[in-house]
Amino acid sequence: MRTMGKKRASSAAACEQIVEDVVAQGFSVYEGFIGEALVHQLVADTRILWEQGEFESAKVGHGAEKQSCPTVRSDRIHWLEPDELSSGQARYTATLEKLRLALNRATMVGLFEWEGHLAIYPAGSFYRRHLDVFRHARERKLSTILYLNEGWTAGDGGELRFYLNGTNREEYVDIAPR
């Protein structure tokens with residue numbers, strides 16, 4: 001895992017490190033990939049959307065199979081539509097585009113597009129263990145998560161448990177939502 005702390009690397013250097021991590025271990029944790037000012041802007045944008053009622057109950061599945069399943073997932077989401085992005089969201093997606101291109105150059109993984117949503121987990125909500133790919137489709141090759149939690153401390157909960165081997169529940173990394 002890679003931690004940047006207060007010092008921020010250049011975007012290209014950060015992308016290179018993330019690519020190296022993904023190739024070596026299948027994932028990367030990179031604090032500081034998105035600058036602090038942009039994070040604050042995204043937090044503000046998300047609060048506005050929440051206050052405007054722009055979040056809906058998250059669903060599971062894809063296409064015609066998409067359905068609410070509150071025993072699996074109880075968060076609320078807002079899909080980021082390319083033609084409706086705030087300036088902060090546009091800057092964020094542009095940064096992810098640089099990462100997509102860096103991953104394609106280094107690995108030829110064939111990432112063609114990016115889609116994303118904001119998720120809010122009110123107290124007590126959850127998303128049970130799952131594979132980040134749809135049942136009859138294999139197009140998802142990479143998932144990215146940007147935590148917008150302000151003031152999170154150990155003991156608050158909300159860590160992502162990332163299983164390193166899907167068949168072995170004993171091999172995992174807990175990632176703090178920072």
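In the predicted model, the backbone nitrogen of Ser86 is placed 2.9 Å from a polar atom belonging to the side chain of Gln89. Gln89 itself is a residue of helix H3, and with a relative accessibility of 6% Gln89 is classed as buried, because the limit for that class is under 20% relative accessible area.

The loop that runs between strand S4 (76-80) and helix H3 (87-107) contains Glu81. In contrast to the buried Gln89, Glu81 is partly exposed, its relative accessible area being 37%.

Beyond helix H3, the loop between H3 and strand S5 (116-120) holds Met108, a residue that is not a glycine and yet adopts a positive phi of about 55°. Most residues other than glycine have a negative phi. Met108 is exposed, with a relative accessible area of 75%, a value that falls in this class because exposed denotes over 50%.

Leu160 belongs to strand S6, which comprises residues 160-165, and is partly exposed at a relative accessible area of 29%. Between the C-alpha atoms of Leu160 and Ala123, which stand 37 residues apart along the chain, the separation is 15 Å.

Methods:
Residues are numbered from 1 along each chain as its sequence is written. This is a predicted model: local features need pLDDT of at least 70, side-chain atom pairs count only at pLDDT 80 or more; totals for chains, interfaces and linings use all residues. Side-chain values use heavy atoms; hydrogens and water are left out. Helices (H or I, at least four residues) and strands (E, at least two) are DSSP runs, numbered from the N terminus. Buried means under 20% relative accessible area, exposed over 50%, partly exposed in between (1.4 Å probe, protein chains only). A polar contact is a pair of N or O atoms within 3.5 Å; within protein, one must be able to donate a hydrogen and the other to accept it, and residues adjacent in sequence count only if both atoms are side-chain atoms.
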